[in-house]
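Please go through the structure shown below with attention to its charged side-chain pairs and its pockets. The briefing is grouped by topic.

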Amino acid sequence: KMAEALSRYCELVLCVSKLHMNPPEVREYFGIRSPFPIEVLGDPPVRPKSLFLIPSILRSLVRHRPDIVYFREEYVGWATSFFCKRVIYEMLDYRPRFRRLYLQLARRSLKTVVISEGLKRRAVAAGLPSEKLVES
């Protein structure tokens with residue numbers, strides 16, 4: 001649904017590692033009315049999968065040349081932020097062992113979307129810049 005909402009305001013390509021159903025079934029399942037392209041990058045056979053997806057993601061960035069990159073995965077976002085300056089990070093959780101990574105992501109992103117007020121308070125308490133945090 002987030003991709004559909006964003007697709008109303010800009011050209012959007014959703015890049016995923018794998019789908020458990022074909023794109024029309026995904027659209028029907030989630031009730032997506034505004035179609036947008038879905039690019040399947042492939043599911044890496046080894047872990048950590050997010051790290052092994054980075055080359056595919058970078059190829060996709062070169063192919064599509066997006067104005068903004070929206071991501072949820074920390075390592076993917078970190079690698080992407082070296083090539084794209086206009087990134088938005090959606091923070092789904094805060095794990096103290098990744099504090100330095102979260103700080104870098106928040107500083108490099110246009111905005112960091114947090115999924116709750118509690119997560120926002122936790123992130124600010126950990127030193128993330130509050131002016132970059134937006135609650136969804």
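In this predicted model, the side chains of Glu-90 and Arg-72 form a salt bridge, with an N to O distance of 2.8 Å. The two residues are 18 apart and belong to distant parts of the chain: Glu-90 to strand S4 (residues 87-91), and Arg-72 to the loop between S3 and helix H4 (74-80). In total the structure has six salt bridges.

- Arg-72, at 48%, is partly exposed.

**Other salt bridges**
- Glu-74 pairs with Arg-95, and their closest N and O atoms are 3.7 Å apart.
- Because Glu-74 sits in helix H4 and Arg-95 in the loop between S4 and helix H5 (99-108), this pair ties together parts 21 residues apart in sequence.
- Glu-74 is buried at 8% relative accessible area, whereas Arg-95 is partly exposed at 32%.
- Glu-117 and Arg-121 also form a salt bridge, with 4.0 Å between the closest N and O atoms.
- Both Glu-117 and Arg-121 lie in helix H6 (residues 117-125), four residues apart, or about one turn of the helix.
- Glu-117 is partly exposed at 35%, and Arg-121 is exposed at 53%.
- A network of salt bridges links Lys-18, Asp-43 and Lys-49.

**Ser-50**
- Ser-50 is part of helix H3 and is buried, with a relative accessible area of 14%.
- The side chains of Ser-50 and Glu-73 are joined by a polar contact of 3.4 Å.
- Apart from neighbours within four places in sequence, Ser-50 is in contact with Glu-73, Tyr-75 and Val-76.

**Largest pocket**
- The largest pocket holds about 1,600 Å³ of space.
- Its lining has 43 residues, and those nearest the centre are Val-13, Leu-14, Cys-15, Val-16 and Tyr-70.
- Two or more lining residues come from each of helix H1 (2-7), strand S1 (14-16), helix H2 (23-30), helix H3 (49-64) and strand S3 (69-71).
- H3 gives the largest share, seven residues.
- By type, the lining of the largest pocket has 29 nonpolar, five polar and nine charged residues.

**Second largest pocket**
- The second largest pocket has a volume of about 160 Å³.
- Residues lining the second largest pocket include Leu-58, Arg-65, Asp-67, Phe-83 and Lys-85.
- H3 provides the largest share of this lining as well, with three residues.
- Seven residues of the lining of the second largest pocket are nonpolar, four are charged and none is polar.

Methods:
Residues are numbered from 1 along each chain as its sequence is written. This is a predicted model: local features need pLDDT of at least 70, side-chain atom pairs count only at pLDDT 80 or more; totals for chains, interfaces and linings use all residues. Side-chain values use heavy atoms; hydrogens and water are left out. On a 1 Å grid over the protein atoms alone, a cavity is a set of points where a 1.4 Å probe fits but cannot get out, and a pocket is an open set with protein on both sides within 12 Å along at least five of seven lines; lining residues have an atom within 4 Å of a point. Grid points are joined across faces, edges and corners, and a volume is the space filled by probe spheres set on the points. Ala, Val, Leu, Ile, Met, Phe, Trp, Tyr, Cys and Pro count as nonpolar, Asp, Glu, Lys and Arg as charged, and the others, Gly among them, as polar. Buried means under 20% relative accessible area, exposed over 50%, partly exposed in between (1.4 Å probe, protein chains only). A polar contact is a pair of N or O atoms within 3.5 Å; within protein, one must be able to donate a hydrogen and the other to accept it, and residues adjacent in sequence count only if both atoms are side-chain atoms. Contact means heavy atoms within 4.5 Å.
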